[in-house]
Each structure stands twice: as C-alpha cells, then as structure tokens.
Amino acid sequence: MNALAGTGQLLKLGLRRSRIMLAVWVYALVAYLGSTAYGFKKLYDTPASLRDFVSGINGNGATVAMYGRIHVAGSVGGITAWRMAATGGALVGVMSVLLVVRHTRGDEEAGRLELVGAGAVGRRAPLTAGLLVGVVANLALALVSTIALIAFGLPVAGSLATGLAWTVPGLCFTAVAGVTAQLAETAQAARGIALAVVGVAYLLRAVGDAGRVSWLTWLSPIGWAQQVRPYGAERWWVIGLGAVVAVAVVFAAYALVEHRDLGAGLLPARPGPADAAPYLRSPLALAWRLHRGALLGWLAGFAVYGAAIGAVLKGLGDLLKNSSGTQDLLTKMGGQRGLEDSYVGTVMGVLGLIAAAYAVQVVLRMRTEETAQRLEPLLATRVRRLRWSIGHLLFAAVGPVVLLGVAGLAAGLAHGLRTHDLGTQVPRLLGAAVVQAPAAWVAAAIAVLLFGAAPRFAPAAWGVLGVFLLLGQLGPVLKLGQAVMDLSPFTHVPKLPGAELTATPILALTAVATAVTAAGLAGLRRRDIG
C-alpha cells in the first residue's frame with residue numbers, strides 16, 4: 001500500500017474539525033497585527049518621531065530582549081514588522097504546535113487513528129495530514145496578514161515579507177510538533193516538549209538580541225523571522241532558510257514513524273507504581289495530577305513575562321519623551337508616572353486574557369476526559385459528577401489568581417529593584433495583576449456552560465475568548481461604542497494602578513461567573529455522558 005494513501009481525506013477531516021480553532025487563531029493574530037500598524041501610524045506620523053522612537057527602543061536592553069532590535073527604522077511598516085516578529089512568531093509557533101499535535105498524537109491517543117488505519121490509509125498519511133493542517137494555517141495567516149497590511153496603505157513587497165516572515169517559525173514548529181508526536185506517548189507530553197522548544201527559541205533570540213552574542217539569534221526560528229527585515233532590504237533568502245530547516249525536520253519525523261508501533265512513543269513510558277499513593281484517593285487529587293504539569297509550565301512563563309514588564313518600566317518615560325508624535329498624549333496621561341500606569345494597566349489586561357486561556361484549557365480538559373472515555377469508569381464508582389467537576393474547577397478558579405500573582409510579584413520585584421522602591425512597587429503591581437482574575441473566571445464559566453449544556457460546542461469557548469481579545473485590542477482603535485466594549489468582562493476590570501480600586505465591578509464579575517458556572521453544572525447533571 002502507498003504510505004501516503006488517504007492523506008487527502010484525512011486533511012479534509014482535519015481542516016473541518018479545526019475550522020473554528022484555525023479561524024480564531026488567524027483572526028486574532030491578524031487583528032493584533034492590524035491594530036499595531038494602525039496605532040503606530042497614528043502615533044508616529046513624522047520622520048522625527050520615528051527616529052526618536054527607534055533610538056529609544058534600541059537603547060533599552062530590556063525592551064530589546066522582549067521584542068528584538070529594530071533593523072528597519074524609517075517607516076511605520078518597519079516598526080510594525082519589528083513589533084510583531086518576536087511575540088507574533090512565538091504565538092504562531094504555539095498555534096502550529098497545538099494544531100499538529102491535535103491531529104497526530106491527539107487522534108492516536110484517542111483511538112481515532114487506529115480505527116482510520118483499519119481502512120485504506122498509509123502509514124505516513126496521518127502524520128502528513130497533520131503537518132499539512134499546520135502548513136495551511138500558516139499560509140492562510142500569511143495571506144490574510146499581507147492583505148491587511150496592504151489595506152493599511154503599506155508597500156506590497158514589505159507586506160508580503162511580513163506575512164511570510166510569520167511562516168518561518170510557524171513551519172519550523174509545525175515540523176517540531178511532528179517529531180514530538182512520534183517521541184511522546186501522550187498528546188500532553190508531545191505538546192509540552194514542542195512548546196518547551198518554542199520557549200527555548202524565544203529565549204535564545206532574547207539573549208542574542210540583548211547581549212553581545214548575536215549569533216544566538218541565528219539559532220532560533222523566531223530570530224529568523226526578525227532577520228527577514230520587511231520594508232527595508234528584504235532578505236527573502238531567510239524565508240527559504242526556514243523552509244529548508246522545516247523540511248529537514250519533517251524528514252526526521254517520517255524516519256521516526258517507521259520505528260514505532262501505533263499508540264506507542266519512542267520515549268519509554270515510565271511504569272507507575274502498582275498501588276496509587278494515599279493522596280490520589282479523591283477527585284481533587286486526580287485533578288491535581290492531571291493539571292500540575294501544565295500549571296507549572298504556565299507559572300514559569302508568567303514569571304518571566306512579569307519580570308520583563310518590570311524591567312521595561314523604569315525607562316518607559318525616557319523611551320518616548322522625545323517623540324514629537326506622543327507629546328500631547330504624555331501630557332494628557334500625566335507625565336512619566338501616568339504613562340507607567342497606563343502601560344501597566346494595558347499589559348496586565350493582556351496577562352488577564354492569557355490567564356483566562358489557562359482557565360479555559362483546564363475546563364476543556366474535562367471534555368477531553370469525557371471523549372477519551374476515562375470519565376465513565378470513574379463515575380461508575382462512588383464519585384459523582386459534581387464532585388468530579390469541582391476538582392477541576394478549583395484549578396480553573398485558583399489557577400488564574402496564582403498565575404497573575406506570580407506575574408505581578410515578578411514585575412514588582414524587577415521594577416522595585418531598579419527604582420530602589422520595593423515597598424511601593426511590589427504591592428502596586430501585584431494588585432494590578434490579581435484584579436484581572438474575576439474577568440478570567442467569566443471566560444472559564446462560559447466554557448463550563450458550553451461543556452455542561454452543549455458539549456459538542458465546548459471548543460467554541462476559544463472563540464469567545466478570541467472575541468474578548470479583539471474587543472480589547474481593536475475596540476479603542478476602532479472607537480467602538482461602549483455597549484459593544486462592555487461585552488468583554490475585561491472592560492469592567494479597574495485599570496490599576498492608575499484607576500481607583502472599587503469593589504462593585506469585581507463583585508459583579510464574580511457573581512456572573514458563579515451564576516454561569518452553576519448553570520453549566522446543572523446542565524452536566526442532566527445530560528448523558530459521552
């Protein structure tokens with residue numbers, strides 16, 4: 001039999017199953033790109049303001065570590081491409097990993113590939129179809145991004161280079177996910193290894209850009225995205241470099257397929273003890289066992305991001321004070337302190353959305369346990385549905401608080417050490433972070449409602465979270481009405497540390513999250529499992 005037999009059918013199935021997830025990712029990333037381009041175009045409308053901005057960025061080591069160095073300084077397109085290369089490249093990598101692992105190791109772990117493989121399907125067809133889903137996602141993102149930038153009046157060549165620059169890390173991490181799907185025995189482990197590679201790539205780029213070891217940047221696909229240098233002397237060959245590396249890694253994944261059995265991974269699975277430990281004798285303990293690895297990984301990411309935010313704050317006023325395009329804005333915001341407060345409120349809002357993504361992931365793990373048929377044997381014992389679900393929901397409730405608390409603490413320590421004012425900055429930034437938690441609970445509660453009342457549509461919770469993201473990013477830019485902005489729970493969060501802390505919105509968001517969660521649990525009690 002042809003090793004690729006059935007690839008087309010599997011690709012169609014994969015695209016159909018991931019159509020919502022793929023659309024949300026592309027839409028959110030393009031909206032992020034478009035709002036960034038629009039904002040830069042409004043703020044830096046003169047050559048002098050652009051020069052001042054670029055000089056400030058390249059002279060701030062913490063900012064360079066977060067976003068990279070600006071290589072094309074003479075246009076709004078150049079700084080837009082710079083702003084999106086590092087963070088956008090990492091996000092595209094995450095998208096690619098999630099898509100590929102879902103349609104390779106995820107389907108294999110769930111038993112779907114075993115059923116499909118009983119038909120006329122070649123041995124390499126599932127991997128090929130999963131990789132092609134990632135390729136289609138990256139090409140769609142490149143196309144829509146290019147069209148969006150051209151619509152903003154930016155040059156065609158630079159817009160095309162910006163769109164294709166995102167495919168460099170996207171295709172590379174698509175291939176990496178194909179490899180980890182062969183190495184690990186579970187989808188969770190495959191995702192974890194691949195996302196760790198994304199994190200290492202981002203770290204290598206940050207060290208290479210901020211230090212004197214610039215060659216480290218060339219070890220990272222995210223660094224390659226920066227080196228395309230759109231809107232300047234575009235380096236098209238860097239895109240080709242990313243494609244060549246991706247193809248090489250894909251061949252490695254194909255080689256690994258031939259050396260393992262269906263359902264097994266090349267990395268040996270550790271056998272567990274014959275008897276469970278005493279602390280695993282409750283649904284809560286089981287939930288901790290399922291979520292602890294992901295929680296620790298998220299904690300590390302929040303700590304690093306929080307420290308980066310705190311490191312940037314001290315030089316923020318100096319970074320923009322010479323920009324003629326932002327003088328009026330700085331005056332309205334109250335000088336450097338006002339600018340810091342506004343910046344902290346904005347980035348903490350983004351962290352709140354990311355914490356909500358963790359909470360939604362925890363809730364949807366409940367659906368995974370159900371579809372993988374691990375829930376029914378558990379409910380056949382004395383464990384009841386509500387007791388089982390509450391064990392997971394505790395992580396959805398406490399997890400965002402812990403993540404935001406770690407980020408706020410890291411930001412406060414970093415900024416406090418630089419300003420020699422730990423006593424003020426730590427509680428100030430910690431409060432600005434933790435106050436985002438009730439909005440994250442609302443997003444998790446919507447996921448619970450979908451899981452309990454309409455489990456087939458539970459993944460639509462990611463779409464709802466994407467809407468919240470778009471309202472936060474594009475709402476102020478497009479000057480949407482307040483009634484539309486109020487659809488996002490994050491609109492109602494007090495914008496600390498600049499705004500006054502009031503209990504009313506926090507209590508209201510908590511009450512909404514509680515009521516929606518209760519409705520979801522009521523639906524879970526009444527519907528059939530599986």
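A cavity is taken here as a set of grid points where a 1.4 Å probe fits but cannot get out. In the predicted model, two cavities of 30 Å³ or more are counted under this rule, and the largest cavity holds about 150 Å³ of space.

The lining of the largest cavity consists of 16 residues, with Ala 81, Trp 82, Ala 85, Gln 226 and Pro 230 lying nearest its centre. Two or more lining residues are contributed by each of helix H5 (76-110), helix H8 (156-183) and helix H10 (221-227). H5 gives the most to this lining, with five residues. Classified by residue type, the lining of the largest cavity has ten nonpolar, four polar and two charged residues.

The second largest cavity contains about 30 Å³ of space. Its lining is formed by Val 360, Ala 443, Ile 446, Ala 447, Ala 461, Val 464, Leu 465 and Phe 468. Helix H19 (437-453) and helix H20 (460-478) are the elements that supply two or more residues to the lining of the second largest cavity, and H20 provides the largest share, four residues. By class, eight residues of this lining are nonpolar, with no polar and no charged residues.

Methods:
Residues numbered from 1 in each chain as written. Predicted model: local features only at pLDDT ≥ 70, side-chain atom pairs only at ≥ 80, totals over all residues. Heavy atoms only, no water. 1 Å grid on protein atoms, 1.4 Å probe; cavity = no way out; pocket = protein on both sides within 12 Å on 5 of 7 lines; lining within 4 Å. Points joined across faces, edges and corners; volume = space filled by probe spheres on them. Nonpolar A, V, L, I, M, F, W, Y, C, P; charged D, E, K, R; others polar.
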